[in-house]
Amino acid sequence: MSGKNWDRVPIDAQSVDAPLSTAAVFLVVTVAREQAALAKVAAVLGGLDDLVKTVGFRDLGGRLSCIAGIGRDLWDRLHPDSRPKELKPFAPIKGAVHAAPSTQGDLLFHIRSERPDMCFEFERILLDSLGAAVTVIDEVSGFRYFDARDLLGFVDGTANPTGLDLPASALVGDEDAGFAGGSYVVVQKYLHDLAAWAKTPTHLQEEIIGRTKIDNIEIDDDDAPRKSHKSLNTITDADGNEYDILRDNMPFGRPGKQEFGTYFIGYSRYLWVIEKMLQRMYIGDPPGAYDRLLDFSTPHTGTTFFAPTRPMLQAIVEAAQK
Ligand code: HEM
C-alpha cells in the first residue's frame, strides 16, 4: 500500500492513501443479526474491489475509491479467531462542558471520487446489493469547499502526513503484524453554529484554530493561556516523538435547513492516538481548558472501525463464507 504513485491509481478499493477528492460519501450501516445477512455482507465485501472497477472504469478521471471499515462487533462475527489489537467501540467522552457520543455502526464505506455522480452511483449499487442485510444509520455527502476549507472558513487538512510519513502514521506496522497495512478509522459528524461563529472576531477564531484564516499560517501558541485546536491535537510521547493521523474531513450541509457540518474522518496506525486527541479536545489540557472549536461544533455521531488491507479483507470474507 505504501510507496504507491497516486497518479497511477485512478480507481482503487481499500487504499487509505487514495487521493483526497472533491466529493465523498460517508455511509455507516449496521448488519442484521441473522446468519444469512452476515453471509450476504461477506459476499458484497468480497466483491467490493470489482464494484469499484465496474463504476470507476466508466470515467478513470473520476478516480473512484472506496474503503470499507469494520466495527468491533461485526469483526467478531466475521472473524472470531483474531482481531486488531486496539479495535473496540468508540468510547464516549464526557467533558465538563462538551460530550462526544458513541453511535452504532458495523460498517463504514468511505467513498471518494472527483465526481459526486460517481459516488452516488457506487453507493446506489452497493446498497442495492446489500439489500435488507443492512440498515443505514448515517449517510453524508461531502464536498470540497474552495481551497479545502471547512465551513468555518479555515483550510482543513494542512498538517496531514505526506510521502513516507503517511503510511508510518496511518497504517498498522509490525507492532500488530497480522493486521499490518490496515488502519483504525474514527468518524464523527459535527454540526456547526455558523451564526455564533460569524459573530466571533477573526483574531479569536484564529486563536481557537491555531492558524491564520486567510493565508493558513500556523500560530505559535506555546505561551498562550489556552491551547488551540491545532495544539490540543499535537500528540507527543515521553520521548518527544510526534504522532500524526491522516484526516479527510469534508464539509456538508443544507443551507435551507440551516444545516452546516464537518464530517470528521481520521485514519491512524494506533487507535490510542485519536483517543488521546479526543480526550484533549473534550476534557482539555489542562483539564477544563477544552477545545473552543466545540463551542461552535457539536458531534452527532462517533464510531470506530478497522479498515483491513484488500488481501486481508478477502481472506476474512472468504473464511466467513465457508
Ligand atoms: C487541525 C478543523 C475535528 C484532529 C485542524 C485544522 C483545522 C481543523 C482547520 C488546521 C489545519 C490542519 O492542519 O488541518 C477541524 C474541524 C473539526 C475538527 C472543523 C470538526 C468540527 C477534529 C477532530 C480531531 C482533529 C475530532 C481528532 C480526533 C486534528 C489534527 C490537526 C487538526 C491532528 C493537525 C494538528 C497539527 O497541526 O499537527 N483541524 N477539526 N480535528 N485537527 Fe481538526
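How far apart do the end C-alpha atoms of residues 147-309 lie, and how much of the span is helix and how much strand? In this predicted model, those end C-alpha atoms are 31 Å apart, and the span is 21% helix and 24% strand.

The largest pocket has a volume of about 740 Å³. It is lined by 33 residues, and those closest to its centre are Asp156, His229, Lys230, Asn233 and Arg247. Several elements give two or more residues to this lining, namely strands S8 (183-192), S10 (242-243) and S13 (259-268), together with helices H8 (229-232) and H9 (271-282). Helix H9 provides the largest share, four residues. Sorted by class, the lining of the largest pocket holds 15 nonpolar, ten polar and eight charged residues.

What takes up the space of the largest pocket? The ligand does. A shell of 26 residues surrounds the ligand, and the closest are Gly157, Thr158, Ala159, His229 and Arg247. At least two shell residues come from each of S8, H8, S13 and H9. Here too H9 gives the most, with four residues. The shell is made up of eleven nonpolar, ten polar and five charged residues.

Two of them involve the protein backbone: a polar backbone atom of Gly157 is 2.5 Å from an oxygen atom of the ligand, and a polar backbone atom of Ala159 is 2.9 Å from an oxygen atom of the ligand. With Arg247, by contrast, the side chain takes part, as one of its polar atoms lies 2.8 Å from a ligand oxygen.

The second largest pocket has a volume of about 260 Å³. Its lining consists of 17 residues, with Asp73, Thr103, Gln104, Gly105 and Asp106 nearest the centre. Strand S2 (23-31), helix H3 (72-78) and strand S15 (303-307) each contribute at least two residues to this lining. By class, the lining of the second largest pocket has three nonpolar, nine polar and five charged residues, whereas the lining of the largest pocket has 15 nonpolar, ten polar and eight charged ones.

Methods: Residues are numbered from 1 along each chain as its sequence is written. This is a predicted model: local features need pLDDT of at least 70, side-chain atom pairs count only at pLDDT 80 or more; totals for chains, interfaces and linings use all residues. Side-chain values use heavy atoms; hydrogens and water are left out. On a 1 Å grid over the protein atoms alone, a cavity is a set of points where a 1.4 Å probe fits but cannot get out, and a pocket is an open set with protein on both sides within 12 Å along at least five of seven lines; lining residues have an atom within 4 Å of a point. Grid points are joined across faces, edges and corners, and a volume is the space filled by probe spheres set on the points. Ala, Val, Leu, Ile, Met, Phe, Trp, Tyr, Cys and Pro count as nonpolar, Asp, Glu, Lys and Arg as charged, and the others, Gly among them, as polar. A residue is near a molecule or strand if one of its heavy atoms lies within 4 Å of it. A polar contact is a pair of N or O atoms within 3.5 Å; within protein, one must be able to donate a hydrogen and the other to accept it, and residues adjacent in sequence count only if both atoms are side-chain atoms. A molecule sits in a cavity or pocket if more than half of its atoms lie within 2 Å of its grid points.
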